[in-house]
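Hi everyone, thanks for coming. Please have a look at the chain on the screen, and then I'll walk you through it.

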Amino acid sequence: MRNWPLIRQLIRLERSSVEWKARNGLNILRVSLGLVFIWFGVLKFFHGVSPAEEIAGRTILKLTFGTVKPAVSLPVLAIWECTIGLGLLFRRWLTLTLGLLYLQMIGTFLPLWFFPQETFSALFIPTLLGQYIIKNIVLLSGAIVLGATVRGGKLTAKADAIWPLNLKLRSPRRPVPQSV
């Protein structure tokens with residue numbers, strides 16, 4: 001077939017793409033998470049800017065039985081999120097950074113429990129606020145992947161085991177040997 005060189009080239013391209021992702025994916029994930037945490041954290045320093053400000057303040061107020069007011073909790077939360085972001089960006093104290101991230105993630109999911117009338121319009125149908133909260137599953141998943149690498153874990157491609165680059169593809173023009 002005339003397409004076999006093209007198929008082999010596509011397989012090589014896919015292989016190199018996967019190997020590049022294995023080499024760079026964890027750093028991209030770590031930096032992306034860090035930037036998101038810094039960005040969302042900085043927003044909480046400015047009253048009325050963060051879309052999560054009101055629900056975060058009320059969640060912490062409810063969680064602390066009314067003792068920690070939003071005027072105190074939001075700047076603390078902003079510092080907390082920026083600390084997580086900086087730890088991820090600069091790859092410092094990753095075990096502690098991820099611990100802070102996991103605790104913060106627990107807090108982000110609490111409004112689903114504390115305020116279901118605001119986070120769901122019906123059973124399994126989240127409001128926009130509910131969707132904003134539920135998307136944190138992706139952030140948490142990324143943090144779990146990073147956590148698997150804190151003590152030397154690696155992401156590898158292991159390409160030779162699954163890519164058929166060394167297949168002996170037969171051309172239909174060549175006669176197939178007949179067994180006697």
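**A walk along the chain**

Let's begin with the contacts: among those in the chain with a separation of 6 or more, 69% are between residues 24 or more positions apart. Contact here means heavy atoms within 4.5 Å.

Before going on, a word about where this comes from. This is a predicted model, in which local features need pLDDT of at least 70, side-chain atom pairs count only at pLDDT 80 or more, and totals for chains, interfaces and linings use all residues. Residues are numbered from 1 along each chain as its sequence is written, and side-chain values use heavy atoms, with hydrogens and water left out.

Now the overall layout. The chain has 7 helices and 2 strands. These are DSSP runs numbered from the N terminus: helices are H or I with at least four residues, and strands are E with at least two. Reading from the N terminus, the order is α-α-α-α-α-β-β-α-α. How much of the chain is buried? Of its 180 residues, 29% count as buried. For that word, the cut-off is under 20% relative accessible area, while exposed is over 50% and partly exposed is in between, using a 1.4 Å probe and protein chains only.

Let's look at helix H2, residues 53–63, and helix H3, residues 70–89. Their axes come within 9 Å and cross at roughly 110°. That makes H2 roughly perpendicular to H3. A quick note on the terms: axes are lines fitted to C-alpha atoms, for helices over the stretch in contact, and angles run from 0 to 180 degrees between N-to-C directions. Angles under 35 degrees count as roughly parallel, over 145 as roughly antiparallel, 65 to 115 as roughly perpendicular, and the rest as oblique.

The H2 and H3 crossing is right-handed. A crossing is right-handed if the near helix is turned clockwise from the far one by less than a right angle, and left-handed if anticlockwise. Which residues make the contact? From H2 they are Glu-53, Ala-56, Gly-57, Ile-60 and Leu-61, and from H3 they are Pro-70, Ser-73, Leu-74 and Leu-77. By type, this contact of H2 with H3 has 6 nonpolar residues, 2 polar and 1 charged. Nonpolar covers Ala, Val, Leu, Ile, Met, Phe, Trp, Tyr, Cys and Pro; charged covers Asp, Glu, Lys and Arg; the others, Gly among them, are polar.

Staying with H2, its buried residues are Glu-53, Ile-55, Ala-56, Gly-57 and Thr-59. The cover over them includes H3, H4, helix H5 (116–119) and H6. Just after H2, Phe-65 takes a positive phi of about 55°.

Next comes H3 with helix H4, residues 94–114. The axes of H3 and H4 come within 9 Å and cross at roughly 140°, and the two helices are therefore oblique to each other. The crossing of H3 and H4 is left-handed. Among the residues in this contact are Trp-80 and Ile-84 of H3, and Leu-98 and Leu-101 of H4. The contact of H3 with H4 divides into 9 nonpolar, 4 polar and 1 charged.

In the loop between H3 and H4 we find Arg-91, with a positive phi near 55°. Arg-91 counts as partly exposed, at 46% relative accessibility. Trp-93 lies in the loop between H3 and H4 too, and its phi is near 45°. Is Trp-93 buried or exposed? Trp-93 is exposed, with a relative accessible area of 68%.

**Aromatic pairs**

Last stop: how many aromatic pairs does the structure hold? There are 2. Rings of Phe, Tyr and Trp (its six-membered ring) pair if their centres lie within 6.5 Å; planes under 30 degrees apart count as stacked, over 60 as edge-to-face, and the rest as tilted.

Phe-40 and Tyr-132 are stacked, at 6.2 Å centre to centre with 15° between the planes. Phe-40 lies in helix H1 (residues 4–43) and Tyr-132 in helix H6 (residues 128–134), so this pair ties together parts that are 92 residues apart in sequence. Phe-40 is partly exposed at 25% relative accessibility, and Tyr-132 is partly exposed at 24%.

Phe-114 and Phe-115 are edge-to-face, at 6.1 Å centre to centre with 80° between the planes. Phe-114 counts as buried at 18% relative accessibility, and Phe-115 is buried at 8%.
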